[in-house]
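Please keep the model at hand while following it.

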Amino acid sequence: MKAEEVYYLPFDDTVVDRTMKNVVKKYDNTDKSLMYERTPVELLDNLIMGDIAKNSLIFYLRECGIDNIIDYDDVRTDNFLNADPGWDFLVGQRKVKVEVKSSIPPNNESISDIVSKRDIKITAALDKDNPVIIFPKDLESHLHIQIYFYASPYKYGYDSFDELSRDINSDYKKIATIIGIDKYSQPLFLGWNTKDEVVKYTNGDIKNHTWTFPWTKRLYWDCPIRNAHNLESLVRYCKTHANQV
């Protein structure tokens, strides 16, 4: 992946409306302290960022003629009560499992710095202090994708999770104002890689091939963006390899 290959994914009313409707259903059932303690608005904002990343990518792939995509949110049967099963959508006749990660550049780093310094966020453990390791060979998804936003999550406006939940359930469109949704209008595609390549790269070496941030509980596997693949190659993969049976 090179800096000049970074691509802005679509952000339109279809993506925004779908995102807000589904996030309302997820809000009450999301672990409020997952990764770190979050305010009511911050939790909402994080959920919106993640779903915009996924929905904008699905929208783009379908615009490229890839119609055989199954979004987990369209087929789930748990009424949004549980976390996703380790994948966000399926693609192709092979039903290749895809996971989409969203992030914000630390210290407003340039695109070149993101490419050279950062990784696709692949969880190695949910709690780095008491790690139960998820080895790359055991990852549920076969494809791992990273999307970035130059934005700052909102934290304030509500002190009560219940009050915020009541407001967005009464009118889901309030979310756009509460978090300033237009700040997510430029989803940056920063690369993808396969589970098999992560397995080869890390060799399950926890000591030398994992990393974290001071403010999060999570531990991540090394998966450098500089070694990732670009969006054009993802489209080719979805049209060919994902349809091989």
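Predicted model: local features only at pLDDT ≥ 70, side-chain atom pairs only at ≥ 80, totals over all residues.

Q: In which sense do β3 and β4 pair?
A: In general, strands of a sheet pair through backbone hydrogen bonds, either parallel or antiparallel. Two strands count as paired if DSSP finds at least two bridges between them; strands (E, at least two residues) and helices (H or I, at least four) are DSSP runs, numbered from the N terminus. Here β3 (residues 89-91) and β4 are antiparallel, with three bridges. Leu90 has Lys97 in β4 as its bridge partner. Four residues separate the strands of this hairpin, where Gly92 takes a positive phi near 80°.

Q: Which sense applies to β4 and β6?
A: Strand β6 (residues 143-148) pairs with β4 in the parallel sense over six bridges. Ile145 in β6 stands opposite Val100.

Q: Why is β4 described as largely enclosed by the rest of the structure?
A: Burial is judged by relative accessible area: buried means under 20%, exposed over 50%, and partly exposed in between (1.4 Å probe, protein chains only). Seven of the eight residues of β4 (residues 96-103) are buried, so this strand is largely enclosed by the rest of the structure.

Q: What is the strand order in the open sheet of three strands?
A: The order is β5-β9-β8, with antiparallel pairing. The edge strands β5 and β8 (210-211) each pair on one side only. Three bridges join β5 to β9 (residues 219-221), and Ile122 stands opposite Trp221 in β9.

Q: Which elements do the buried residues of α8 pack against?
A: Contact means heavy atoms within 4.5 Å. The buried residues of α8 are Leu231, Ser233, Leu234, Val235, Tyr237 and Cys238. They pack against β1 (7-8), α2 (40-63), β3, β4, β6 and β7 (188-194).

Q: How many salt bridges does the structure hold?
A: A salt bridge is a side-chain nitrogen of Lys or Arg within 4 Å of a carboxyl oxygen of Asp or Glu. A search of the whole structure finds 16 salt bridges. One joins Lys21 to Asp17 (3.2 Å, N to O); both residues lie in helix α1 (residues 13-27), four residues apart, about one turn of the helix. Lys21 is partly exposed at 40% relative accessibility, and Asp17 is partly exposed at 22%.

Q: Why is the pair of Asp45 and Lys183 said to tie parts together?
A: The closest N and O atoms of the salt bridge between Asp45 and Lys183 are 2.6 Å apart. Asp45 lies in helix α2 and Lys183 in the loop between α6 (174-179) and β7, so the pair ties together parts that are 138 residues apart in sequence. Both Asp45 and Lys183 are buried.

Q: Where is the nearest side chain of opposite charge to Lys121?
A: In such a search, Lys and Arg count as positive and Asp and Glu as negative, while His and the chain ends are not counted. Lys121 is buried yet has no salt bridge; the nearest such side chain, Asp119, is 9.9 Å away. Lys121 is located in the loop between α4 (111-117) and β5 (122-125).

Q: How many disulfides are there?
A: A disulfide is a covalent bond between the sulfur atoms of two cysteines, taken here as a pair of cysteine sulfur atoms within 2.5 Å. The structure holds zero disulfides. For Cys223, the nearest cysteine sulfur is that of Cys238, 16 Å away. For Cys238, the nearest is that of Cys64, at 9.2 Å. Cys223 is buried, at 2% relative accessible area, and Cys238 is buried at 1%.

Q: Is His144 buried or exposed?
A: His144, found in strand β6, is buried at 2% relative accessibility.

Technical notes: Residues numbered from 1 in each chain as written. Heavy atoms only, no water.
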